[in-house]
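Good morning, and thank you for joining. I would like to take you through a few local features of one model, moving from backbone geometry to side-chain contacts and then to helix packing.

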Amino acid sequence: MIPPLYLDISVFAIGLIVLLLEAFDNRSNRAGLGWFAIVGIGAVFIASFFSGPADLSGAPQLAPFYVADSFALFYKQLALAATLVVLIMAVEYRPILSRYIPAATPGAGLGEFFALPIFTCVGLMWMASAADFIMIFVALELVTISFYVLVSYMRRSAASLEAGVKYLILGALSTGFLVYGITWIFGVTAQTNLEQLTLAIAVLPPDRTTALLFGMALVLVGLGFKVAAAPFQLWVPDVYQGAPTPITAFLSVASKAAGFIVLMRVLQPFLASPTIAPKLLLVLAGLAILTLIYGNLAAMPQENLKRLLAYSSIGQAGYLLVALASWGNGTEVPITVSFYLAAYLLMTLLAFLIMVIVNRATGGDDIANFNGLSQRNPFLAFGMLTAMISLAGVPFTAGFIGKFLVFKAAIAQQQWALLIVGVVTVGAGFYFYLKVVRAMYWNEPATGETEAITASPLAKATIVILSALIFVFGVYPQPILALLAK
């Protein structure tokens, strides 16, 4: 059995090796670095299935900060899977990226574009195991700083630079809220360890509850930025549209997954208190309603697919918040959130991978660029159809099972307002997701753009795997549930 900590160390080593190879590689074609990163991350991902929850009692210096339970391992696997697909996208994206990177020699700068997602993956994996506010903050900053560079990586693109500046300013602001909230919580309880925090809250005098809630509210603001929850979502559309498409996909899935595992771990000590839990759940319900309404309604008029998926990401965060606001006894809600994030990872990465291929052929990422895709490449059109219907929640897809589990949790806790808003916004989602399907199957290609769109064998294989998993988990979700139940 491989200890989960070894997975983190292996990914970090792969990132260092890629950086060293970049420094000493004089070839203009740096695709080999991308292939090495893909093979390395793929090997660690396979190895993760030979790992399992570990007892850290023999490592007293690490145990207070690091958790190696089944949820931590599952989220490490999500981070590895997302990084693997993003690296495949990065290899496909090289022709576009090279046009926007000023370099003294051809191909320079591409190696860092393969290395930085790996270091981001390390931060995401540490976030999954973080059991202390200090570790959460350190891991979060590793992820955030890497994204600052990646979002603005295309230095000849004004949109990428604008996205980087916006993400930097608002990211620093959210970090300030998070640190201030942690400071308040520490000032009230004298604890940063989440396990010890549970015990401290249980014996907290009633007159200090207000100060503790204020600290938690600040932490929610900081984490709300990371998961794109309203009203902390204003950065999402511009950053998603301006960033390189593989990085947009990475932001959309991996960052959101890590944000929610941290949010669930932070919520547990507070929800264990019978006096604090009702107030906190009410705040989460309000955030869920705002996020659902804003994300889905704002997506309806969008004509750019990246912006549409950006607002879709906000709406999907709303469904996850519905599950958190329906938190009851047992582990049903963490399992629901984890399954939903796994399904969201599959369908979103599939959509962005196809978008990279179409963008390379058409030069744009508007919905109009997908007009007649079923004629130019039926395989890609079917892959995008699969992603869109799963995002919308059509039965027999993983997206449907995810929404079903969320609504089941809301019904179990009698959260009728959340259920009504959720059902209405699902209907809105059908409208804007199926706009892309209409463009591919009903609209004719633009004049002069009737040649076939080609994809590499690796991209085709990835599309087949992601599409198949969406349907498999939409009918038989037990493999994911079994991973969470270890």
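Let me begin with a term: a residue counts as buried when its relative accessible area is under 20%, and as exposed when that value is over 50%. Please also keep in mind that what you see is a predicted model.

With that cut-off, consider A228. Its relative accessible area is 1%, and A228 is therefore buried. The residue sits in the loop that runs between α8 and α9. Its backbone deserves attention: phi is positive, at about 60 degrees, although A228 is not a glycine.

The peptide bond that joins A230 and P231 is cis, with omega at about 5 degrees.

A positive phi is also found at Q414, where the value is near 60 degrees and the residue is again not a glycine. Q414 belongs to the loop between α16, residues 398-412, and α17, residues 416-441. Is Q414 buried or exposed? Its relative accessibility is 58%, so Q414 counts as exposed.

I turn now to side chains, and to T245, which lies in helix α10, residues 245-271. T245 has a relative accessible area of 0% and is therefore buried. Which side chain makes a polar contact with the side chain of T245? The partner is K306, at 3.5 Å. If neighbours within four places in sequence are left aside, the residues in contact with T245 are Y93, K306, F352, M355, V356 and N359.

Finally, helix packing. Helix α2, residues 31-48, and helix α4, residues 110-129, have axes that come within 9 Å and cross at roughly 20 degrees. Angles under 35 degrees count as roughly parallel, and α2 and α4 are therefore roughly parallel to each other. Their crossing is right-handed. On the α2 side, the residues that meet α4 are L33, G34, A37 and I41; on the α4 side, they are G111, F114 and I118. By class, this contact has five nonpolar residues, two polar ones and no charged ones.

That brings me to the end of the tour; I would be glad to take questions.

Notes:
Residues are numbered from 1 along each chain as its sequence is written. This is a predicted model: local features need pLDDT of at least 70, side-chain atom pairs count only at pLDDT 80 or more; totals for chains, interfaces and linings use all residues. Side-chain values use heavy atoms; hydrogens and water are left out. Axes are lines fitted to C-alpha atoms, for helices over the stretch in contact, and angles run from 0 to 180 degrees between N-to-C directions. Helices (H or I, at least four residues) and strands (E, at least two) are DSSP runs, numbered from the N terminus. Angles under 35 degrees count as roughly parallel, over 145 as roughly antiparallel, 65 to 115 as roughly perpendicular and the rest as oblique. A crossing is left-handed if the near helix is turned anticlockwise from the far one by less than a right angle, and right-handed if clockwise. Contact means heavy atoms within 4.5 Å. Ala, Val, Leu, Ile, Met, Phe, Trp, Tyr, Cys and Pro count as nonpolar, Asp, Glu, Lys and Arg as charged, and the others, Gly among them, as polar. Buried means under 20% relative accessible area, exposed over 50%, partly exposed in between (1.4 Å probe, protein chains only). A polar contact is a pair of N or O atoms within 3.5 Å; within protein, one must be able to donate a hydrogen and the other to accept it, and residues adjacent in sequence count only if both atoms are side-chain atoms.
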